[in-house]
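Please look at the sequence and the 3D structure below. This report covers the ligand site and the cavities.

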Amino acid sequence: MQHINNAYINGNWHPLAGLDQFSLINPATQDCIAKVTMATAEDVNLAVEAANKALLDWSNTPNKKRAEYLNAIADEMQNRYQDLVQAHVQSMGCPVGLTGAFHIDCAIEAMRYYAEMAPMIDKVEQRENNLITKQPIGVCALINPWNYPLHQLVGKLAPALATGCTVVVKPAEQTPLADHIMAQIIDKVGLPAGVFNLVFGRGHEIGPVMAEHPKVNMISFTGSTRAGIEVAKNAAASVKRVCQELGGKSAYIITEDADLEAAVRYGVEDVMGNTGQTCNALTRMLVPKSRYQEIVKIAAQVAKEQVVGDPNHPDTTMGPLASERQFNIVQDYIKLGVEEGAELLIGSSDRPAHLDKGYYIAPTIFTKVTRHMRIAQEEIFGPVLCIIEYDDIEQAIEIANDSQYGLSSAVYAKDQASALPIAARLDAGQCYIQGSYFSMYAPFGGVKQSGNGREWGEEAMHEYIETKAIICP
Ligand code: NAD
């Protein structure tokens, strides 16, 4: 069993004196695979002081040099590729054959992408007589959830470092392993002391310390809407910038004249990927009444093709849910859906019969879901798809927008030209049309209760930049 008793602070492995240990459970075997000592407020304060001390030199480091560090980190991530894969397989139960594509490849590419973008901070715009300049926002606290540990970390870390910010990182309690490897990588490439600091800890204990800290200039939070609101409240007194990337219940409209085989396959596979633990998963499939029977048949077929089981087996496409807590939540929602009167097309709240342990749930699809049911409104965060029928496209758009969330959305129509006007009317930060996939070049973030931040793309850089105007005579 692994023991993680150190944080990474000021370029050193800093021993943690606290007695509180978090047991890391492999969700496939339910065995304890590591004990992680949780940081205290004192440890966080040290990390913030280190980041603050390093800020001046790092922000004055030429952008070319900062880009070299980012590229060196990317090279070393490539060298540690298998370790990063195993971190996800062990702590989250990700299928080994899919982990690279889902969690690692884009993160490495993103390090290089933001290295290329490092010069942005030095660009000066002349507007009339005035000079519009940019500067790094300062010390950033980066808090992440457990569902895409490395991807979420890099989505914040790479643009923060590229702009000249220094950081204090806190991963989710359940998934510290990828971050731990990243600290080793950063140590190896020799990033100046204090630029990157990592603490492991409980969100409700050290999260408020990070959010309230007067020397933290910005906090970037990804996680539940509940915790995101708390972070914003805690950050308010120090007037720091808060970037919130929160939950979702994204709608996917399939039109009457779409290629149903392709459209439904895309939607079902989207929800089952990462065992449904994806913030922008298209969990509400809105389908025309006129084609309901055909759609339901395809959906059941695609769900049956999923191979649920041991994440270490190369053929597995769906591993367990990442934790017992998540397993219980998803089971409860499936029971709730039945109580609310939705029909189970496929799946159940029980662990699949061929598995005797692990937090497994089979691909589950509800039909006869109506828009006001709780399973149609609340984020389930598991492999559970709700199929909702609509009469005409106006009603489909209305149902799609009838949500407290607005993270993502999707449209599959006859062709791109038909999909675009529908996409334009959906209240969400993103809309995927005609079966498209995540692109790190496009800004990602929500509206409404899904948050206010924009990660990825060039927009991610702006989260870490302050604009300064020099007014000339
Ligand atoms: P969570 O909110 O429970 O935890 C997320 C992180 O916040 C963890 O590191 C946790 O320790 C920390 N935290 C908890 N309470 C805190 C507090 N009071 N102050 C500061 N930090 C605190 O969420 P989760 O269950 O780990 O993650 C799942 C959620 O994340 C889902 O709602 C999902 O949609 C969302 N998510 C959003 C995005 C996005 O980009 N919008 C991406 C991935 C996940």
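Start with tryptophan 146. An N or O atom in the side chain of tryptophan 146 is 3.0 Å from an oxygen atom of the ligand. Lysine 170 also reaches the ligand: an N or O atom of the lysine 170 side chain is 2.9 Å from a ligand oxygen. At glutamate 230, a polar side-chain atom lies 2.9 Å from a nitrogen atom of the ligand. The protein buries 94% of the 840 Å² that the ligand exposes when taken alone. These areas come from the Shrake-Rupley method with a 1.4 Å probe.

This is a predicted model: local features need pLDDT of at least 70, side-chain atom pairs count only at pLDDT 80 or more, and totals for chains, interfaces and linings use all residues. Residues are numbered from 1 along each chain as its sequence is written, and side-chain values use heavy atoms, with hydrogens and water left out.

## The shell around the ligand

The ligand is surrounded by 29 residues. Asn144, Glu173, Ser224, Leu246 and Glu379 are the closest. By class, the shell holds 13 nonpolar, 10 polar and 6 charged residues. Here Ala, Val, Leu, Ile, Met, Phe, Trp, Tyr, Cys and Pro are nonpolar, Asp, Glu, Lys and Arg are charged, and the others, Gly among them, are polar.

Which elements each supply at least two residues of this shell? They are α7 (203-212), β11 (218-222) and α8 (225-236). α8 gives the most, with 4 residues. Helices (H or I, at least four residues) and strands (E, at least two) are DSSP runs, numbered from the N terminus. Domain 1 (2-246 + 451-470) and domain 2 (251-439) each give at least three residues to the shell. The domain bounds come from an automatic or database assignment.

## The cavities

How many cavities of 30 Å³ or more does a search of the whole structure find? There are 2. A cavity is a set of points, on a 1 Å grid over the protein atoms alone, where a 1.4 Å probe fits but cannot get out; lining residues have an atom within 4 Å of a point.

The largest cavity has a volume of about 80 Å³. Its lining has 15 residues, and Ala251, Arg284, Ala400, Ser408 and Asp427 lie nearest its centre. α13 (393-401) and β18 (405-406) each give two or more residues to this lining. The second largest cavity holds about 60 Å³ of space. Its lining includes Gly248, Lys249 and Glu379.

Conventions: A residue is near a molecule or strand if one of its heavy atoms lies within 4 Å of it. A polar contact is a pair of N or O atoms within 3.5 Å; within protein, one must be able to donate a hydrogen and the other to accept it, and residues adjacent in sequence count only if both atoms are side-chain atoms. On a 1 Å grid over the protein atoms alone, a cavity is a set of points where a 1.4 Å probe fits but cannot get out, and a pocket is an open set with protein on both sides within 12 Å along at least five of seven lines; lining residues have an atom within 4 Å of a point. Grid points are joined across faces, edges and corners, and a volume is the space filled by probe spheres set on the points.
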